[in-house]
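Dear colleague,

Please find below the structure I promised to pass on to you. My findings follow directly after it.

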Amino acid sequence: MDSISGISGITDYYSLQSENTKAAENAEKVTGKVGGISKDSSREEVKEAVRSFESYFLEQVIKQQKESVKAFSDDDDKDLYASQIEDMYSDRAIQQIAESMVKQNFEGVTDKFTDQIMRNYGIEEEGKA
């Protein structure tokens, strides 16, 4: 193994670990919100947990699509450092796109999920009995 391959392997490993850490942090944030729902939760808290889940789910779908497209591209001569920078910024962009899509296009779905969760947990809205 030459030194370039060794450095490349270490860099690839570091990138993978960084991606896994970010993914775990995002998943933990979502599960924390969803797991925090209780009978005492307000409709807004439930709706925020649902939006977090929907955004996370959509983000994962977009990332998988991106990986599928990458499999067919010819990036053999792409600079490794540039690729890492691109991945770092594209992950954040994908996250923002997913959040925006949920807020703009999924309001009806969010409301239905929120209503269902509130029924399942026996949460009553204030002013309704």
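**Overall fold**

The protein has four helices and zero strands, which gives the pattern α-α-α-α along the sequence. Please bear in mind that this is a predicted model. Of its 129 residues, 23% count as buried. The accessible surface comes to about 9,300 Å², and carbon and sulfur atoms account for 56% of that surface. Among contacts between residues at least 6 apart in sequence, 82% join residues at least 24 apart.

**Nonpolar cores**

The largest nonpolar core consists of six residues: Ile37, Val46, Ala49, Val50, Met118 and Ile123. Helix 2 supplies the largest share of this core, with three residues. A second, separate core has five residues, among them Leu58, Ile62, Ala98 and Val102. In soluble globular proteins, nonpolar side chains tend to be buried together.

Setting aside neighbours within four places in sequence, Val46 is in contact with Ile37, Ser41, Thr114, Ile117, Met118 and Ile123.

**A buried glutamate**

Glu59 lies in helix 2, which spans residues 43-71. Is Glu59 buried or exposed? Its relative accessible area is 3%, and because the cut-off for burial is under 20%, Glu59 counts as buried. Apart from residues up to four places away in sequence, Glu59 touches Asn26, Ile94, Gln95 and Ala98.

With kind regards

Conventions
Residues are numbered from 1 along each chain as its sequence is written. This is a predicted model: local features need pLDDT of at least 70, side-chain atom pairs count only at pLDDT 80 or more; totals for chains, interfaces and linings use all residues. Side-chain values use heavy atoms; hydrogens and water are left out. Helices (H or I, at least four residues) and strands (E, at least two) are DSSP runs, numbered from the N terminus. Buried means under 20% relative accessible area, exposed over 50%, partly exposed in between (1.4 Å probe, protein chains only). Contact means heavy atoms within 4.5 Å. Accessible areas come from the Shrake-Rupley method with a 1.4 Å probe; for residues, only the protein chains shown count as cover. A nonpolar core is a set of buried Ala, Val, Leu, Ile, Met, Phe, Trp, Tyr and Cys residues joined through side-chain atoms within 4.5 Å.
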